[in-house]
Amino acid sequence: MSAHVKKAELHCHLEGAVPPALAQAQARKYGVDASGFLCDGAYVWRDFTSFLAAYDAVADLFRTEHDYALLTETYLEELAAAGAVYSELFVSPDHGEAVGLGADGYIAGIGRGIELAKARTGIECRMVVVGLRHRGPERVEWAARYAANCRNPLVTGFNMAGDERMGRLADYARAFDIARAAGLGITVHAGELCGASSVRDALDHIRPSRIGHGVRAIEDPNLVARLAGEGVVLEVCPGSNVALGVFPDFAAHPLRRLHAAGVKVTLNSDDPPFFQTSLQREYAIASEAMGFTEAELDGMTRTAIEAAFVDEATRTALLARL
Ligand code: ADE
Ligand code: ZN
């Protein structure tokens, strides 16, 4: 999809956006054998569990503020070249802690990359801190408290990613209350690996303005109507869904049906090189495999800006760029 179609992305995991060539260079730099998760310039995984393991192995190759600044700047400049004016990056302070960099150094490095990319290309970006569900409610609350207290103006939202099949969503509600009380925007992964009931649980227990994926709401027409009625925005990632086997192909993907039912939808790449995609490709899939017109694609970009976790002056400026 050509760069003249303006784009915005609300759902991309930073460590999931590492170009394989950069991962290879980082592995050489730190003397790491990457053959277990990187082969012939592509990431190797079989299912969601091994995908998460490969994701963590790639994250382990970024160990300093400079490493994170380089990764962030690299991704955002590529996104800007594809016509994106806005990006929200999912960042996990847990990964900064895991490599000994610490959450503050991790966020500082990413913030530096955001500033560099903005200076070079004009792309606007914010960070959404994610807690990792498979690490349990207490660890997710730790991430929420970190996001609530870090006082970095580029950190504007809170999300929970990781293995949706683990734990009950209600047990994580307190983390979201901490983030909400601090004024952060709220979004949560649901309706990807688990069915419609996970989306209903998200609405009932977390009360997010957006849902990451949410596409399996299509299994329950009443829930689809509820999403449309409440104006909850879905961060839809078709390439990721097909790569992970959530739907067998793009013809079976429910984006078109959700859009037709009046649900607010946006296009996103999730973990682009892991799923052989990019934001540009997601727009191309929507156009070529799903038949969305350019006006409809523009509408999804507008929806993303309207749902972005930014101050109103920035939102107005972004809308003016469309
Ligand atoms: N972390 C990275 N990508 C993810 C996905 N698609 N679902 C849940 N957690 C993730
Ligand atoms: Zn995701």
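This is a predicted model: local features need pLDDT of at least 70, side-chain atom pairs count only at pLDDT 80 or more; totals for chains, interfaces and linings use all residues.
A salt bridge is taken here as a side-chain nitrogen of Lys or Arg within 4 Å of a carboxyl oxygen of Asp or Glu. Asp67 belongs to helix α3 and Lys29 to helix α1 (residues 20-30), so the pair ties together parts that are 38 residues apart in sequence.

**Domain organisation**

- The domain assignment divides the protein into domain 1, made of residues 7-17 + 62-320, and domain 2, made of residues 19-61.
- Between the C-alpha centres of domain 1 and domain 2 the separation is 22 Å.
- Domain 1 brings 28 residues to the contact, and domain 2 brings 21 residues.

**Buried area at the interface**

- The size of an interface is often expressed as the accessible area that is lost when the parts come together.
- For domain 1 and domain 2, the area buried between them is about 2,100 Å², and carbon and sulfur atoms account for 64% of it.
- Phe62, Arg63 and Phe274 provide 35% of the area that domain 1 buries against domain 2, which is more than any other three residues supply.

**Polar and charged pairing across the interface**

- Side chains of opposite charge can pair when their charged atoms come close.
- The rule finds two salt bridges across the interface of domain 1 and domain 2.
- Ten residue pairs are in polar contact between domain 1 and domain 2, with both residues at pLDDT 80 or more.
- On the side of domain 1 that touches domain 2, helix α3 (residues 65-81) gives the most, with five residues.
- The residues on that side of domain 1 comprise 13 nonpolar, eight polar and seven charged.
- The salt-bridge count by this rule comes to 23.

**Surroundings of ligand 1**

- Glu192 places a polar side-chain atom 2.8 Å from a nitrogen atom of ligand 1.
- An N or O atom in the side chain of Asp270 lies 2.7 Å from a nitrogen atom of ligand 1.
- For Asp271, an N or O atom of the side chain is likewise 2.7 Å from a nitrogen atom of ligand 1.

Methods
Residues are numbered from 1 along each chain as its sequence is written. Chains are lettered from A and ligands numbered from 1 in the order in which they are written. Side-chain values use heavy atoms; hydrogens and water are left out. Domain bounds come from an automatic or database domain assignment. Contact means heavy atoms within 4.5 Å. Buried area is the accessible area (1.4 Å probe) that two parts lose on being put together, summed over both. A polar contact is a pair of N or O atoms within 3.5 Å; within protein, one must be able to donate a hydrogen and the other to accept it, and residues adjacent in sequence count only if both atoms are side-chain atoms. Helices (H or I, at least four residues) and strands (E, at least two) are DSSP runs, numbered from the N terminus. Ala, Val, Leu, Ile, Met, Phe, Trp, Tyr, Cys and Pro count as nonpolar, Asp, Glu, Lys and Arg as charged, and the others, Gly among them, as polar.
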